[in-house]
Amino acid sequence: MAGPIAGLGYYEKSARTSFGVFSSVLKARFRIVSRYKGALLMELFMPIVFAALPILLGVSIASGGVDVGQNWKDTTGTADFKAYMLIGSSTFMVVMLMTWLVGFWLRREMVSGTLESVWVSPAKKYLIIGGVTGYALIRAFVAFVLSFVLGSFVFGINLFQGNMLMAAMFILVGLLPLWGISFMFGALILRIKEADSIINLLQWVLSFFMGVFFPITVLPGFLRLIAQSFPPTWMTNGVRAALLDVSFFFETWYLDLAMILVFAAVFPLMGYGIFIATERRMKKTQGMGMY
Amino acid sequence: MAQAIIKVENLSKTFISKERKKFLRPKKRTIEALKDVDLTIYDGEIFGLLGPNGAGKTTLIKCLTTLLIPSGGAAWVNGFDLLKEENMVRASLGCMLMGERGLYWKLTGRENLDYFGALYHVPKEKRVERITYLKELLKMGEFIDRTVETYSSGQKMIMAFAKSLINNAPILFLDEPTVTMDVHAARDLRRIVKQLNKEGHTIVYTTHQMYEAEELCDRVAIIDKGEIIALGTPTELKKSLNVKDAIELEGAIPKGVVQIIKEMPGVIEAAIKEEKRGTTTLGIMCENSRIILPKLMEVLLENEVQIEYIKPMDATLEDVFIVKTGRALSVDTAELAKEKDRGAGGLD
Ligand SMILES: Nc1ncnc2c1ncn2[C@@H]1O[C@H](COP(=O)(O)OP(=O)(O)OP(=O)(O)O)[C@@H](O)[C@H]1O
Ligand SMILES: [Mg+2]
């Protein structure tokens, strides 16, 4: 490689400026979202409202004389159906945030016109997407904790039960395959641009298969198999099993965790590969800026 | 002579677009936006890319800035291979590509500059220093600390220009930077471009306004339908015409009369520069306006053409374009291609 003919201006590649890319993207994302008033509030209450429906349904059936708790215990292993629902909807929100992370970000940058400005810079894509991811992780974590705590308070659920450390571990490891999936949806957005209707549809499909409101053991065999090929299904179940008397899919926690680790190794690599291939394809055809 | 800082060899870019018509299956159409372009730009020059809408200026710039991968050919930017050393090519450039659309509207101007500076691996203290300098240079007022959504379109363009300067790159790509600016702001921008050039930056500047290219650029490539049809200094280009004189004529001129004028002896080329509410501005290139004028008057009288004015002019780059293509710059290449498709003949 020959050196530059006319220098490189203020470009100085170092570990410090590379970290600067990551942290600047992270900071900018927080600044931007903080300037849309109401957005954060929405995200906080959404999972609570989401969990409220089945909980209230359960409560009203219970008040009719049926012992919902007992029935629930027979199929899921725990009588605490309220906590079951709240965990389901809180993890679902984390799953949503993570799954659409790259896709939503790309879409926003496309519509605002900044995508090309970002792409024309010499910053490595993984540093930029790393910053966006860091932002999404923090947001997902805060949203999960807040909605869980608030929800527990609203519905009178015991916060401190089960193995909270193990639950946290399932969430953390479970985020990795989601991150990989996020790149695949990012690639999809690059290709088809407008994806709102697909997102809406997939949202319901996903919530169905990951068992937000019911144990996937009630699904017929082949559907259960599909459900179990979704990494978030394992994450949700792992959290429930850690906190409540729900059983792990493989009966032991470490086998379930190992399964998620396998997903965590495969999905990000596959996702990033698909994403980069799609990016090149776009640049070979019509470019990145269209929307 | 200075070193070649950008070298383009046989660069081509073909787009495949789908034409959608109601319920019919989309028809595929290929657009050759660039056809085997060869070009050398030297270190320290202001290089103009002049051409009508749809000529391929933006496509060329997007290829050279790594936003598009060309369909064929090769290029080197600042000594780096465009296809193999993408990141070093990017590190060598400052770009103003989409005008005001390249900024985050929810961030302030200063935050935008800092953010993009970081993406160019500019260390924090250099960014702070650079922003202070740019604020001074571009006379940016208090608005630098307001969110971009509150800016006037002129202020947005200035901020977009500032963004392209944040990394102090040796090469600047400016794609129609003055297009939404008023006359004063545009003049200021051109003055700063000249100043930056004196400080050593190489500048690639696209425009479809010939006077901008003429005023600003050391050398100009005139591009039309994806091909470079003329290249040289503005003076060279004008000299190459063998046009001594040009006449501008405005009035209600029927198409047939334009054709008659084109075919008059002593007329090199004639083309419509502008058409507005029944009034046509016609540019006529000729060997000697004094000889042509009486004959021209005859033709106009014979055809009962209503004339607003006739005036002799110096040849401009626009006239170079007219002579080479038989059309004026303001006429859209894309529109023309469509007319050709329909078999309507177009203007040439
Ligand atoms: N993504 C794309 N897909 C299909 N066709 C495209 C695409 N981008 C550009 N084109 C076509 O390529 C040709 C060259 O376009 P380009 O944008 O390079 O022109 P330009 O010289 O920059 O014009 P303007 O002065 O209007 O900006 C045009 O016919 C345009 O329609
Ligand atoms: Mg253009």
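Me: What is the strand order of the open four-stranded sheet in chain B, and what is its pairing?

Reply: This is a predicted model, and in it the order reads E2-E1-E4-E5, with antiparallel pairing.

Me: Why do E2 and strand E5 (80-81) of chain B count as edges there?

Reply: Each has a single partner strand, so one side of each is left without a neighbour in the sheet.

Me: What makes E4 (residues 72-77) and E5 of chain B a pair?

Reply: Pairing takes at least two bridges. E4(B) and E5(B) are joined by two, running antiparallel, so by that cut-off they pair. Val77(B) stands opposite Phe80(B) in E5(B).

Me: Let's move to E8. Why is strand E8 (residues 202-207) of chain B described as largely enclosed?

Reply: Six of its six residues are buried, so the rest of the structure largely encloses it.

Me: How do you know which residues cover each face of E8(B)?

Reply: In a regular strand, side chains alternate between the two faces of the sheet. On one side sit Thr202(B), Val204(B) and Thr206(B), and on the other Ile203(B), Tyr205(B) and Thr207(B); all are buried.

Me: Which strands pair with E8(B), and what makes them partners?

Reply: Strand E3 (residues 46-50) of chain B is joined to E8(B) by five bridges and runs parallel. Strand E7 (residues 171-175) of chain B also has five bridges to E8(B), again parallel. Since the requirement is at least two bridges, both count. For particular positions, Leu49(B) has Thr206(B) as its bridge partner in E8(B), while Ile171(B) is opposite Thr202(B).

Me: What kind of unit do E7(B), helix H6 (residues 183-198) of chain B and E8(B) make?

Reply: A β-α-β unit, and a right-handed one.

Me: Now the ligand. Where does ligand 1 lie, and which residues come nearest?

Reply: Ligand 1 lies between chains A and B. Of the 15 residues around it, Asn53(B), Gly54(B), Lys57(B), Thr58(B) and Thr59(B) come nearest.

Me: What makes Gln286(A), Asn53(B) and Lys57(B) polar contacts of ligand 1?

Reply: A polar backbone atom of Gln286(A) is 3.1 Å from a nitrogen atom of the ligand. An N or O atom in the Asn53(B) side chain is 2.8 Å from a ligand oxygen, and for a polar side-chain atom of Lys57(B) the distance to a ligand oxygen is 2.7 Å. These distances are within the limit, so the contacts count.

Me: How much of ligand 1 does the protein bury?

Reply: The protein buries 73% of the 640 Å² that ligand 1 exposes when taken alone.

Me: Which elements give two or more residues to its shell?

Reply: Strand E2 (27-42) and helix H1 (57-64) of chain B. H1(B) gives the most, with three residues. By type, the shell has six nonpolar, seven polar and two charged residues.

Me: And how many helices and strands does chain A have?

Reply: Twelve helices and zero strands. Buried residues make up 52% of its 291 residues.

Key
Residues numbered from 1 in each chain as written. Chains lettered and ligands numbered in written order. Predicted model: local features only at pLDDT ≥ 70, side-chain atom pairs only at ≥ 80, totals over all residues. Heavy atoms only, no water. Buried < 20%, exposed > 50% of the residue type's maximum accessible area, 1.4 Å probe, protein only. Right-handed = clockwise from strand over helix to strand, strands pointing away. Near = heavy atom within 4 Å. Polar contact = N/O pair within 3.5 Å; in protein donor to acceptor, adjacent residues only side chain to side chain. Areas by Shrake-Rupley, 256 points an atom, 1.4 Å probe, with all protein chains shown as cover. Nonpolar A, V, L, I, M, F, W, Y, C, P; charged D, E, K, R; others polar.
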